[in-house]
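Please open the model in your viewer and keep the selection panel at hand.

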Amino acid sequence: MSAERKDDHVRLAVEQQHRHGGHNEFDDVSFVHHALAGVDRGDVSLATGFAGIEWQVPLYINAMTGGSEMTGAINRDLAIAARATGVPLATGSVSPYFKDPDTAGTFSVMRQENPDGFIMANINATTSVDNARRAIDLVRADALQIHLNTIQETVMPEGDRSFSSWGRRIEEIVAAVDVPVVVKEVGFGLSRETIALLEKSGVAVADVGGRGGTDFARIENGRRALGDYAFLEGWGQSAPACLLDAGGTGLPLLASGGVRHPLDVARSLALGAAAAGASGCFLRTVVDEGVAALVAQLTTWLDQLAALMTALGARTPAGLTRSDVLIHGTLRSFCADRGVDTSRLATRSGSPDTIHRKIGSIR
Ligand code: FNR
């Protein structure tokens, strides 16, 4: 059942990617263009650091799969591409391994193919502390991801409907494991209230996992005989909404959910994420075109991200948080209702005086 579910998820997620291509709320974020703000490409570094973690690049392949023969082969390809490009990556939920230890190889292949890379093991918020440790051992994980997915479980035909213990279990796992814990949503977003709770629990990092890309309400509804949960498609907050909402909370943030191209990565960094991740669009590449195409895609994304940072005058990913950004459309209404000051974002690079001084120093 579990293996079949994993194969269904891949098939339905790739189908969603084929239909995608439209607007999402990342398009409601634009950079103010400053024609004299650029720096030299050679001075730009993609390295990012957060919660004691150092990554060479602010991009990662987010959690997807494992637990069946087909998904084991996908994990092998993802790990090969990650190794070739230095991009960190996550396993899919390791739950199938707890139920059937024979599936171990479909996850551990990621460590075999990528012995020195940064790998996150992924579990759900009902996993026992012992199993959390087994998940880490399975791939010699550098960090542990715990996913939150109440809406997915709600629509999933065989879903769990008991959510009240999740917060307590996260605290127990955080206290027991010796790698940083990242808590992530699976595509419905983390509110500032949720992020504050996670911070209190001792979680190291929150991955906002927002709406706008892979939609697990739609995927699970596609697995229901009656397809009777269509009204939950599109539930939740987008990644840019979550980042704006969270502004000022102390927890380091990662951005994922609906990231489509390097500009969405730059937008994520500008809104305060330490790195941005994608799942669906990388899955589509590896399934449709193979591992060489994924290596090419990741290489291009990193190259174009550095190019964007050069034009925007950001020598580091964190430097983008000083760029002026405009918030439009539905994202702007969200900000108004949640009390996020968008005019401060649009003018934060400096007063006209500072800009004149910068230009003066060029001469
Ligand atoms: C996922 N995702 C996911 N997340 C998680 O924490 N554990 C998991 O096992 C899975 N499984 C999974 C399977 C497949 C096929 C996909 C496409 C995705 C969710 C994923 O990590 C991410 O949060 C969402 O997909 C949103 O990002 P994208 O796809 O819009 O970039």
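In what follows, Ala, Val, Leu, Ile, Met, Phe, Trp, Tyr, Cys and Pro count as nonpolar, Asp, Glu, Lys and Arg as charged, and the others, Gly among them, as polar. This is a predicted model, in which local features need pLDDT of at least 70, side-chain atom pairs count only at pLDDT 80 or more, and totals for chains, interfaces and linings use all residues. Residues are numbered from 1 along each chain as its sequence is written, and side-chain values use heavy atoms, with hydrogens and water left out.

The shell holds 22 residues, the closest being Ala 63, Met 64, Ser 93, Lys 184 and Thr 214. It divides into eight nonpolar, 12 polar and two charged residues.

Next, display distances to the ligand's oxygen atoms. A backbone N or O atom of Ala 63 lies 2.7 Å from one oxygen atom, and a side-chain N or O atom of Asn 122 is 2.8 Å from an oxygen atom. The protein buries 96% of the 600 Å² that the ligand exposes when taken alone (Shrake-Rupley method, 1.4 Å probe).

Now select helix 2, residues 69-85 (helices are DSSP runs of H or I, at least four residues). Its 17 residues reach 25 Å from first C-alpha to last. Just after helix 2, Gly 86 takes a positive phi of about 75°.

Finally, select Arg 223, in the loop between helix 9 (216-222) and helix 10 (239-246). Arg 223 is buried, at 16% relative accessible area.

Note on methods. Helices (H or I, at least four residues) and strands (E, at least two) are DSSP runs, numbered from the N terminus. The expected span of a helix is 1.5 Å times one less than its number of residues. Buried means under 20% relative accessible area, exposed over 50%, partly exposed in between (1.4 Å probe, protein chains only). A residue is near a molecule or strand if one of its heavy atoms lies within 4 Å of it. A polar contact is a pair of N or O atoms within 3.5 Å; within protein, one must be able to donate a hydrogen and the other to accept it, and residues adjacent in sequence count only if both atoms are side-chain atoms.
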